[in-house]
Every structure is written in structure tokens, then in C-alpha cells.
Amino acid sequence: LSQREMTGADMEKRMCGFLEKEGIFSDNWDWREETSRYREEMNRGLRGRGSLRMMPSYLGVPKELPKNKPVVALDAGGTNLRIALVTFPQSGAPLVEQIQSMAMPGSEEEISAGAFFEKLAEYLAPYLKQSDQIGFCFSYTIEIQPDLDGIVAEMAKQIQIQGLEGVKIAEGLQRALEKQGTPAKRIVLLNDSTAVLLAGAMLYGNQCSDILGFILGTGINAAYFESAKNISKISSTSSEKMAINMEASRYNRIPGGKADALFDSTLKDPGRYAFEKRVSGRYLGGLALTVIKEAGKEGLLSPACTERVEKLQDLSTKDLEKFIACKTEGALAGLCGEEQDRQILLRMIEAVLDRAAKLVAIHLSSVILQTGKGKNPDEPIGILAEGSTFQRFLFYQRKIKGYLAEILKENSLHAEFFAAEHTALLGAAAAGLSESIVQ
């Protein structure tokens, strides 16, 4: 049957069959099976195996921080670098002052590791007149050491710093600071998800039984507090809890199919970051475009719409957001000459987002189940959520929250989402001052 000859029921049946063949259809997923598999991978990561790296931070739950003592907070993430002076007063909200934002060294042109540290030292010099303690949120893949330094494991492709991988960040920065005559007393390294977690613990910890730090923007990650005795790969004997950076983007035990493999083959790093490529803002548009083009080839769209779709070279997550909101701008706005085409495109896009939301809900619920908390509705698990995709794409956010509530209800658990400003800087500042070190 042609598109015009099909009834609504025929079209829905055909679309479901298409989505199932492409690996996008998620209506029949078993929550228990998926969360069990995810938790199994979490625990494998704590033993030093598996796709989830579960990287220890050696930072515990923040205890009482020094009051009215300024600390320098540094946040290096994406292509931007931010610096601020942070103070935790006796009462009231933390003070985040003298914020500066500049291009991340290495984002505009390639530089050496030495030049990178020299530039950081130059930026920090004015702040070190007011505090000699630094909390450094370094939002790239680093392996935190027991001395709270961090060794660079991998830099993002858009940052070009020659010779930085394998280098200890605090050590290199301290040398540059000493060279210019402004040494720091203490430099603590942590990653962005850990920083969000620490910020959440400080801001909302007294309202919750436990807290998670969750980021969903161009990428995805999370951090939570794990009993140190469960992190067998570091042989800790401590009875305290330690913040764990999950490196959630790497989780690979997830349902997928033809569309995922086809989209992955077009990227620069095929075979890596399977979870991130199904759920994050960097990839959702491209994955949806792959599904839409395949739908055209299957004859689900009119010939005219199929021709226009084939000419599309790129699709962003913002384009999906605009199309769902029926806005007249965006890459998809002029593709549909017929209402049925528009309805089919909506169905394809919503299926991609529906599956993504379920995956994120499985991720969050697995971490909540791992903590063993959230059983009392008056003491829920707190989720401090950060990231542009989660905060701005409200259709997607509602789906995530809806599916998470469904899983938690089945397990008689309770969670509450929170938001805050300057989370990375606040978390970095807390790390810079905290004496809650877990070995």
C-alpha cells in the first residue's frame, strides 16, 4: 500500500514494525532486566572491569566547610574556562564572586602542555592574592590520584594541547605558579559530575537521604557516593563513602539496532560511547536524521518529503525541539508538504526521544537502587541536574522524569530533582576546602 492508501491503523502497525527493525522501538522493554544489567555493570566497574569506569575521586561527603574563608574555584569544561572566588558564609547561600569566563587554552589554536599551565597561572595570579587554595573542576577524562591530583587520560577533540595526556594537572600547574612567584598551598582536582555531586550535597544534602550529581548536555555523566569498601579496585579499608565519577557515557550493555550502527559508522569514533550516542544532546539530532532517512527509504514518507529529507546534511537536537513544539523555524520546518508526513516525522522523532528517556531513567534508577536510599517519601533521593539538554529540552525532560517515576514507584522509592547556579564552581570550591578525604 502507498502512504495515501493506508489507514491510520495500517500506518501505525507499519511504523512500529519499522522502529522495531531499526532497534528504536522500546515499548516492550523490561525495566527490571535493564536496571539489573546496569547495576551489574556498575559493580563490575567498581572491581576494575566493564564499560563503566566508576572512577574514584577520593573525596567523601562534604562535612562542615571553613566559614568565611575564600577559595579559588576553577572550571575547565568544553571550550570555556571559568574562574571565581567562592566563600561559604556562616549563614545563607555561598558567595560566588569575581567570575571570569574566557576561552579554554588550546580551544582556538594548538598549544603545548607547558604553555597551557603558564596561561592558567597567569589567569589565577590575581585570585591567589586572596586565597592560596584551589579547587579545579577539570571536565575531561582524568584519573584522580589518592593525593587529589589528576592524570589526564583523554582530552576532547576540540581542545588541542600537545603533550597533556598522561600529565598530572596539579603538579604541572603548581610548577607554573611557582615560576611566576604565586604558589598555591593546595590544589584539588575533580571532574564535573563529582563537582555537581558535591554542590548538591552542600545545598540540598540536609533535605535528602542521599544525593546524585547528574549531567545531561552535549554528553551525559553522573556521580554518587559509594561505600569505599565496595570499591575493590583500590582496596580501601575505609568505612566512609566516596564520590564516584561513573563515566556513564561508556555504558555499552544497552539495546540497539540497525539505526544505531548506521549512525555510529558516520562518526569519528565508531564503537565507543554507546550510551552517550543514544541519549545526549550532541547526538540525538543525528540519530533522528538517520532514522528519518531510513523511513523515507522504506516508503513511509511521501516521495517529495523523502527527497527533501535525503538532502539534509545535519540535524541538531534544537531542530528536534523546534519541530516538536510546532515552530516554523528549524531544519525540519519546511520538509512536510502533507500533514501525514509531519505526523510520521513526529512519530519517528518521539520514538528516538522515548527510547533515550527510558535509557536515562534506567541509568538514574540503577544508581538510586545502588545507594539503597529513598525509601521514605519525606527523605527522597536528591538529583542535582545540570546540562543544557536536560534543562532546556522540556519535552525530553518530562519524558525522563515520567519514566523514572514509573520505575521508582515499582520499587517504592522516592526522588526529587533540584537545580542550582554555578554548580561546577561550587563543587570545585567545596573540594578545595574539604578535609573529607577517603583513602
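**View 1. Helix α14 of the predicted model is mostly covered**. Helices (H or I, at least four residues) and strands (E, at least two) are DSSP runs, numbered from the N terminus. Residues are numbered from 1 along each chain as its sequence is written, and side-chain values use heavy atoms, with hydrogens and water left out. Because the model is predicted, local features need pLDDT of at least 70 and side-chain atom pairs count only at pLDDT 80 or more, while totals for chains, interfaces and linings use all residues.

**View 2. Lining of the largest pocket**. The pocket has a volume of about 1400 Å³ and is lined by 43 residues. Gly-78, Ser-139, Thr-218, Gly-219 and Arg-282 lie nearest its centre. Elements that each supply at least two lining residues include β2 (71-77), β3 (80-87), α12 (388-392) and α14 (423-433). On a 1 Å grid over the protein atoms alone, a pocket is an open set of points with protein on both sides within 12 Å along at least five of seven lines, whereas a cavity is a set where a 1.4 Å probe fits but cannot get out; lining residues have an atom within 4 Å of a point. Grid points are joined across faces, edges and corners, and a volume is the space filled by probe spheres set on the points.

**View 3. The largest cavity, beside β1 and β7**. Two cavities of 30 Å³ or more are present, and the largest has a volume of about 40 Å³. Its lining includes Met-55, Pro-56, Ser-57, Ile-142, Ile-144 and Asn-245. The largest share, three residues, comes from β1. Met-55 also stands opposite Asn-245 in β13.

**View 4. The open six-stranded sheet**. The strand order is β1-β13-β12-β11-β14-β15, with mixed pairing; two strands pair if DSSP finds at least two bridges between them. The edge strands, β1 (55-60) and β15 (415-418), each pair on one side only. From one strand to the next the twist averages 25 degrees. Helix α5 (residues 192-204) packs on the sheet, and its direction makes about 140 degrees with that of β11. Axes are lines fitted to C-alpha atoms, for helices over the stretch in contact, and angles run from 0 to 180 degrees between N-to-C directions.

**View 5. Antiparallel pairs within the sheet**. β11 (residues 210-216) is joined to β12 (residues 220-227) by five bridges, and Leu-212 has Tyr-224 as its bridge partner in β12. Five bridges also link β12 to β13, with Glu-226 opposite Met-242. β1 and β13 pair over three bridges. Of the five residues of β13, four are buried.

**View 6. Tyr-396 in the largest nonpolar core**. This core has 154 residues, and Phe-136, Phe-138, Leu-164 and Tyr-396 touch the most other members. A nonpolar core is a set of buried Ala, Val, Leu, Ile, Met, Phe, Trp, Tyr and Cys residues joined through side-chain atoms within 4.5 Å. Helix α11 (residues 339-371) gives the largest share, 17 residues. Leaving aside neighbours within four places in sequence, the contacts of Tyr-396 (heavy atoms within 4.5 Å) include Leu-216, Val-279, Leu-353 and Val-360.

Notes: Buried means under 20% relative accessible area, exposed over 50%, partly exposed in between (1.4 Å probe, protein chains only).
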